[in-house]
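Hello,

Here is the structure I promised to pass on. Please open it and keep it beside you as you read my notes below.

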Amino acid sequence: MSAHHDEPFRLNTPDLADLNETLDRRAFFQRTASGLGALALGSLLGSAAQASPMSEEKLESIRRQVAPKAKRVVYLFMAGGPSQFETFDYKPKLASMLGKGLPDSVRGGQRLTGMSANQANLPIAPSLYKFDQYGKSRAWVSELLPYTAQVVDELCIVKSLFTEQINHDPAITFFQTGHQLPGRPSIGSWVSYGLGSENQNLPAFIVLVSKNASKDQPLYARLWGNGFLPSEHQGVQFRSGKDPVLFLNNPEGYDGTDREKMLDYLTQLNQVQNESWGDPEVNARISQYEMAFRMQTSVPEVMDTAGEPDEVFELYGPDSRDKGSYAANCLLARKLLEKDVRFVQLYHQGWDHHGSLPKGMVKQCKQVDQATAGLIVDLKRRGILEDTLVIWGGEFGRTVYSQGKLSAADYGRDHHPRCFTMWMAGAGVKPGFSYGQTDDFSYNIVKDPVHVHDVQATLLHLLGVDHEQLVYKYQGRRFRLTDVHGRVVNEILT
Amino acid sequence: MKKQYIVIAVLAGAVAFLVASCFQKNGTQHIKSGNEPISYNFDIRPILSDKCFACHGPDAKKREAGLRLDVAESAYGKLREGKGFAIFPGKPEQSEVYKRITSLDPTYQMPTPESHLGLLNESEVGLVKKWIEQGARYEQHWAFAAPRKSALPRVADDNWPRNEIDYFTLDKMEENDLEPSEEASREQLIKRLSLDLTGLAPSLALQQKFEKDESEKTYEKIVDELIARKSFGEKMAVQWMDVARYGDSFGYQNDHSRTQWPWRDWVISAFNKNVPYDRFVTWQLAGDLLPNASKEQILATAFLRNHKYNEEAGIILEEYRIEYNLDKTKTVSSGLLGLTVECAQCHDHKYDPISQEDYYRLFAFFNNSKEKGQAKIIGGTAVVPALDITDAERKSILNFVNSKDTSTIWVSVMSENDTIRPTHILSRGVYDAPGRIVTASGLKAVMKFDTTLYPKNRLGLAKWMFNKNNPLTARVYVNQVWQEFFGRGIVKSTGDFGMQGDLPSHPALLDWLAVDFMEHGWNVKRLVKQIVMSATYRQSSKLTPEKKEKDPENIYLARGARYRIPAEMIRDVVLSSSGLLSPEIGGASVRPYQPKGLWENSTAGRGDLTKYVPDTGSNLYRRGIYTFIKVTLPPPAMIVFDASSRDHCEVKRQKTNTPLQALIMLNDPAVLEASRVLAERMIAKSANVQANIRESFLRIVCRQPTEKEMELLTEYYNSEASTFTKDKKHAVRVLNAGEYPHEPKVNQVQAAALMRVINALYNMEEVITKS
């Protein structure tokens, strides 16, 4: 860690004016110039084959229901369920309760997973890590997140999240699709469907998975799947390495240069077809090939971070030079957001600490802390934090009691759906604000509960979409991301 | 101020919606004029169901003002609140319903602004008015009345029909002022038949045979030949795999592999043996309950065990045991009965007359299974109850199960508990909120479940489904098969024949086909033949401006279907046209080329599916149906082309058109390899550029190229050949696609140039389109 590691976090300092000069000016102008309208894109990406059950007019009217605060979203998903005890939910009273049993009155009959259901007792495990207050907002942050602590005045921390799911697969599926069973569209797909894309060279919904995470729990393609929505709304995974988008490039060893020539001939061949059949699908196919061709240039271009100044890599931390790491993905996310990609979803696995939690948390926090804070700073100084929504959090929280052996320096925590912490920042959410409160054991919520569906409703609201109106009729039923639930958490909005 | 804004917004939304809905209606609904009778089923119920039933329908808990508009007694009765009647037959002005749907007062109008359902449009209001004027007569929902075979409609052009189907379609065309298209060209027809009946591109020999003899007899002979091929069973089975949510892994968390594929082999063989549909389904639902059940009959019940199975540590077992049964209920209701009943898992259905009790009575059929939330994994890849299939059995009674390995294979199947496990209605559908106990029964709204006829077990359920008076079973399957040939069902919402579903475009045809299907012993091959022999099927798919204007969606079938073929078929066309296809049928699923790192990046390192190692040799060239499906990460080249993820029962696929699809056709090693192998083989035979291009075109596009096309392709060939002549190493690098052995001693420059041409052909829109 350099002696001046906190330097980039001094926001709005005069030096930033210089930095702005080094930003890609073209990118800046692209962003501010009116983006390609969703309607135009509808004809580019959305084919005529499967007319969307909601007409463009209807979609347009939905978009206008609420004034949008956010133009784009970056969702930093901490898969596995990070502990609230070692991050944001400070519980000083636990310090003196090491090893004592969790009072039955607190537990109140909450179901336990099959993993701790057979445990003879439920001994309290206080956080091994110290907390302090930071920023003007005086928010409590653990010593494991020193960089995040520096940007705490940008964050809106919600400590009263709860979910209904207690196991990973259903819980993460619930968070990402609004339903615990697989098969529903993911949040990003809903957003792509409802708002379309503003970039004609990149997909509207892009997924980045950290390669450097401890893969304690798997991820599933359904988390960015389109469910019953047309497949153009599927999240497209960008991967580090030679083939950033599946099939974007030639397979290994094969020489496919001169592709442009083939596309020329192909277009002419398809046009012959178009003339004889009169089917608009032929033209649609021709445009898809043109888009594919553009992606072959635009994707490698946007993924190439080599041109970024050293100062930027320093901001995101040393890992950011290692392609595919969480930090590099944060930097890439910024580039995608600058290009007005609508929804960027990051996944960082490794938060499932049933045992050896203290060690695990040190490692996990170190992997994400600096880059996450760096992303906030970078978005802010480029002027796009104000219309970009940043979300950080996992699928559930963890228990106050130790799973397995407890000692002063070592413990584990089981899954806990009843309360956990996540934060948002940027477009339309109150900066330097904390919402919701849990009891002294962070076992129950005592104030302002926020359900998973409420987060989803709020996210859509910030994008200018009423979650009750963004519906898709499938097999006779109207489906929503928020099912029949969800409340916009107005209390955290500016 | 704020309120005013809301009102304006709501009005704006309503106007936008009105405009939208006026434009959306294209021919599906007539504006009735004069005294033409209004049909409740076809004109009124869709409106009421969509706009009213959510609060005034079957769901007792959500019912407002005690008013139901789905049953006449309540709708005609005195209103509980206010004065008068919801519907006063004959007098719209005195009917509260009419007053409210025409009101502009947001506090009075229906649907309420808060419901976000949108107001009725002008034509809908007109229909409701006329219906009330005509006496507001209610009818039983069309799909819940047993189908009846009506007389063939009288048509003006008697020469056109070739079989009964055509009378019904021509009748609709005439009604809508449309004329049938001319018959498609021979080359178009043989491609269409080959794709529809075998899923493969027609071979050169087949194309020539068909071309030579245009007689009706030849057409029929070739149809019979194609239906008799083994590839017929493979083609038909693809659709059934979606219904049965077949996958090769357990589908949750660590996602281990499982061996349900012997069941898939059984399905293929059943289609090829033309097992009647009633037996086909009865075995799958209740093979184990048949007297002296054979191993084949028990194996068929794997159908009910194809759902995902959670192996995650710490799950609550009962929660998942229930989950598996919910999945079975969904598969049977939506896949076989064409009803979406899941809503009734938590509350009475909002649209269809299916109560929560009805739902759990259906659920009860599956609740007596010996399954547990988590159970012993047997043979590494099946969950008890499981069936063992020995090598000896594979050589005798189960000879359709293809395995090179001699060890015993285990398949998860159904087996009943000795004493009946009570089924509770689960409050809000939650596993730990059991309510009243119910017994097993078929859905009473569909057809009475007569316990003197049917035992209260899965066998009874099957018998109830295949009673000739069951209004759904035959209609639903006939519709699914129709969809395979025309790209769209007669009922467009293939999985929903309920009140929210689409109405049949050709109700009399659907009924005729359903009854005919039953009368002829649920004979699937016969049904298929009937469809492809019709004049309707044989029409050209050319889209004229007039037809585009009158019937853009081709609802009335005045032209042949034209649409992008499904994922598996794309692969099969590439393999069959290039000559790479392995003819092997069945067996353990295979692993074709897949981009590196996909499984590796998403795994937590546990289980046997952490690394993807592609197969080698002939297993790389197996049909799409045999591609290994890891349910948590299904094969991307399939998913991008809208294949089912097999998460749950699906009866209809999307047909999207996206840039990622273009990337696959351009860069998938499977397509490049096929291009290379075909090019090398042809160059090895002959160096005649024109002949080679023409033959590739015939094999891949399945027709003669036009002059213009030949010109373009030759130009492209020459330009590539001259590039490669200058740099021979470049040609070698181009030919470096796939592991299939190179033809010895071919001219690499020519082969590479031809390969490029072939690769371009595979990327033509027409190649992956059924036309």
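Two residues are in contact here if their C-beta atoms, placed from the backbone, lie within 7 Å. Please note that this is a predicted model.

Start with the two chains. The contact between them takes 86 residues from chain B and 72 residues from chain A. Several elements of chain B each supply at least two residues of its side. Among them are helix α1 (2-24), strand β7 (563-564) and helix α28 (669-685). Helices α30 (707-726) and α32 (748-762) of chain B are also on that list. By class, the side of chain B that touches chain A has 34 nonpolar, 35 polar and 17 charged residues.

Now chain B by itself. Its domain assignment gives domain 1 (2-138), domain 2 (248-450) and domain 3 (667-770). The C-alpha centres of domain 1 and domain 2 of chain B lie 41 Å apart. These two domains do touch: nine residues of domain 1 are in contact with seven residues of domain 2. On the domain 1 side of chain B, those residues are four nonpolar, two polar and three charged.

Last, one helix in chain A. Helix α13 (residues 357-381) of chain A has 25 residues. From first C-alpha to last, α13(A) reaches 35 Å, close to the 36 Å expected. There is a bend of about 30 degrees in α13(A) at A:Cys365. Of its 25 residues, 20 are buried, so α13(A) is largely enclosed by the rest of the structure. Just after this helix, A:Gly383 takes a positive phi of about 80 degrees.

Best wishes

Conventions. Residues are numbered from 1 along each chain as its sequence is written. Chains are lettered from A and ligands numbered from 1 in the order in which they are written. This is a predicted model: local features need pLDDT of at least 70, side-chain atom pairs count only at pLDDT 80 or more; totals for chains, interfaces and linings use all residues. Domain bounds come from an automatic or database domain assignment. Ala, Val, Leu, Ile, Met, Phe, Trp, Tyr, Cys and Pro count as nonpolar, Asp, Glu, Lys and Arg as charged, and the others, Gly among them, as polar. Helices (H or I, at least four residues) and strands (E, at least two) are DSSP runs, numbered from the N terminus. The expected span of a helix is 1.5 Å times one less than its number of residues. The bend at a residue is the angle between axes fitted to the seven residues ending there and the seven starting there. A residue is buried if 20 or more other C-beta atoms lie within 10 Å of its own, exposed if 12 or fewer, and partly exposed in between; C-beta atoms are placed from the backbone.
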